[in-house]
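Please consider the sequence and the structure shown below. The briefing that follows takes up aromatic rings, helices and individual residues in turn.

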Amino acid sequence: MQGLRQLHEAALAQRGALFGWVPVCLAIGIGGYFSLRFEPDIFVWWSLALVAVALATAVRVVPLALQPLVIGIVLILAGAGLAKWQTVTVDAPVLTFRYYGPIEGRVVKIDRSASDAPRITLDQVRLERIAPHRMPARVRVSLHGEQPLARVLPGDMIMTTGHLSPPSGPAEPGGFDFRRHAFFERLGAVGYTRNPVLRSALAEPDGWRLWIFTQRMRISAAVQAEMPGETGAFAAAIMTGDRSGMGQDTLRDLRASNLAHLLAISGLHMGLLTGFVFAVVRYGLALFPWAALRFPVKKLAAVTAITVGAGYLALSGGNVATERAYIMVTTMFVAILLDRRALTLRAVAMAAIVVLFLHPEALMGPGFQMSFAATTALVVVFGLMRHVDLHHWPGWLRAVLSVVISSFVAGLATAPIAAAHFNQIAHYGLIANLLSVPLMGVMVMPAAVVAACLAPLGLWGIGLWVMELGLRWILFVAHTVSAQDGALSHVKAPDGSVLAVLSVGMIWLILVQGRIRWAGVAATMLAMVMWVQTQRPAILVADSGGLLGQMTPAGRDLSKAKGDGFVAGIWLENDGWPVAQDVAHGRDGVQGEGRMARARIGDWRIVQVSGKTALAALSGCGGADILVSNQRVEAPRTCLVLDVAALRAVGAVALDLDDNGDLHITTARDMTGVRPWNVHASRDHDIPAILYRQNAEGPPEATLASQSE
């Protein structure tokens, strides 16, 4: 009874702060679903649904102290159900082989790839010799060669000849799964073309989405014509969400100075825009006593801000990040309409609930995590500052202090998430943000509103001129800060559980009431220790079989100086040592040149061969215990064979030695399992065993051969 009484008192102490746990419980269910390595069958889902209904029905008869726990379990099950429902809803055919041939479709998106190549996304796809029921819903094609984007317009029906392949899996076991990302984007194939893109027909917009996309691109082109160069591309990006004009050098400088968030239309832009509109309408009406005394000016301003924000959401393309930002600001303005405080944890929680209901898969991306981490931290800190009396300070000093604290808190809250996802830390980011964010708020975004208002009169050049002044300064800050020595450092990618533990610690610290909240500090410290102790794989093998990487004291040594460059870059970034591929190739680890390379891990010998000629010239396994090849190995070999067929089935491979000197093999499929987004790539092929013991009878070659039979 004493224990139940204490539990009851602890539960009562949390009353008033429990609503914040609703999105947390939903996120646990969603994250749990996506972390599974198998897909539950229909019997499991029906069972979970019945359990959720039973618990929801019985919640009123359980002791008061246990009610939050029961409701939390129901919400966790609901989160898993949301994720499953979204998975079923977006499911679409995926290309199952490498395709070369005619490609036809309608342009629904235009952007640029990481290699700075123009890129188009097509729907209404038609590919040669593919049945309609197996046709991908969307494909994405990079345009190589001299093919300016001006030749391609939204809604165009285009045709070309190019290469397509299924979306690729993780570049290494446990890495970012592009295949899952593409699944929820309904991308069934990605590829490139070096051939001209021909316009077969100009389709009339048959829906509001395509019509809005057409208007976005027209506005973007007009802005860049009025304001040429990187500044115009920057302006187009923050006004319409079109980043296709941004160069990779500028993007790198913005990331290195921690100013890349100014480019994406997210919480900052939506908040500045709607806040400016709210202030103009509210104080503008207040200038007229007749209106101010008869109408709820504050609420009219809130409604106007919500409406303008909706227009900005549509104009910017309505991606998940912008949608999330709009939901957050709308929640806060609705609080004003209901005469509640706008900036509260309850408002943040409500916004998170809406986003998770609409896009449960967004939970796994850095955008959702960073956005809500920054917003929550700011609400908590400024909530605490309400108890600090600063009224005797000058107004300008309070404004400066507010900007400094905002930049510092938001940067501190998002730094570990950004480092975990992008493997880098911008050391001068606070300085760059202090020099740029105020200008974005008082000059750039207001000028954008003025430009939009004057556009019907043909006078929008006035607003664009003011915007250009502000954006030139921001780009100058980005270039200057990123050029400083030590502006950027790199960290290794953490284990997948680190962010989960870190998130639990921070949420516990914020939401839990009483002394027990300080347990969140211990969880946060534990996450940092786990991160530091994360070990990178000793050997990595690309899923193409064409690249091998061995960790050395000087960094990872790669088997070749060029080729498989995208995978090589990801490996080096995750190691925390991003250098050029040819530099990594020059390290002392992997031996050999040309078509054959050799590496060693403990007593295990690895040979990697590229091309049919090199494979045909290899006798047996070339004296190695493991053979890696980017070709299909047909003849039996007395060693473990990781050829292109095996690697396409299991994905990238990591090799490590455990404390006993045994070889531990981990594949990408071991980490991802077989799920709806990769089921087409899963075949009846497996690595013979997880652990190959060196102390088994006979030499390693014999042991491997016997296990592979």
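A residue is called buried under 20% relative accessible area, exposed over 50%, and partly exposed in between, with a 1.4 Å probe and protein chains only. The model is predicted: local features need pLDDT of at least 70, side-chain atom pairs count only at pLDDT 80 or more, and totals for chains, interfaces and linings use all residues. Residues are numbered from 1 along each chain as its sequence is written, and side-chain values use heavy atoms, leaving out hydrogens and water. Helices (H or I, at least four residues) and strands (E, at least two) are DSSP runs numbered from the N terminus.

**Aromatic pairs**

- Rings of Phe, Tyr and Trp (its six-membered ring) pair if their centres lie within 6.5 Å; planes under 30 degrees apart count as stacked, over 60 as edge-to-face and the rest as tilted.
- By this rule, the count is 13 aromatic pairs.
- F184 and W677 form a tilted pair, with 6.0 Å from centre to centre and 45° between the planes.
- F184 belongs to helix α5 (residues 178–184) and W677 to the loop between α24 (668–672) and β18 (691–692), so this pair ties together parts that are 493 residues apart in sequence.
- F184 is buried at 12% relative accessibility, and W677 is buried at 3%.
- Another tilted pair is formed by W473 and F476, whose centres are 5.6 Å apart with 35° between the planes.
- Helix α17 (residues 461–482) holds both W473 and F476, which are three residues apart, about one turn of the helix.
- W473 is partly exposed, with a relative accessible area of 36%, and F476 is partly exposed at 47%.

**A ring cluster and a charge over a ring**

- Ring pairs join Y33, F34, W45, F183, F184 and W677 into a cluster.
- A charge sits over a ring if NZ of Lys or CZ of Arg is within 6 Å of the ring centre and within 35 degrees of the ring normal.
- R675 lies over the face of Y33, 4.7 Å from the ring centre.

**Helix α17**

- The expected span of a helix is 1.5 Å times one less than its number of residues.
- With 22 residues, α17 reaches 31 Å from its first C-alpha to its last, close to the expected 32 Å.
- The buried residues in α17 include G463, L464, M467, E468 and G470.
- These buried residues of α17 pack against α6 (208–226), α7 (229–240), α8 (248–256) and α16 (429–454), where contact means heavy atoms within 4.5 Å.

**Helix α20**

- In helix α20 (residues 565–575), V567, A568, W571, L572, N574 and D575 are buried.
- They cover an arc of only 165° around the axis, which puts them on the same side of α20; the arc is that of the directions from the helix axis to the C-beta atoms.
- Among the elements covering the buried residues of α20 are β9 (539–541), β10 (548–552), β11 (555–558) and α21 (581–585).
- Just after α20, G576 takes a positive phi of about 85°.

- L412 is found in helix α15 (residues 395–422) and is exposed, with a relative accessible area of 55%.
- Q535 lies in the loop between α19 (519–532) and β9 and is exposed, with a relative accessible area of 67%.
- Q535 and I431 are 104 residues apart along the chain, and their C-alpha atoms are separated by 33 Å.
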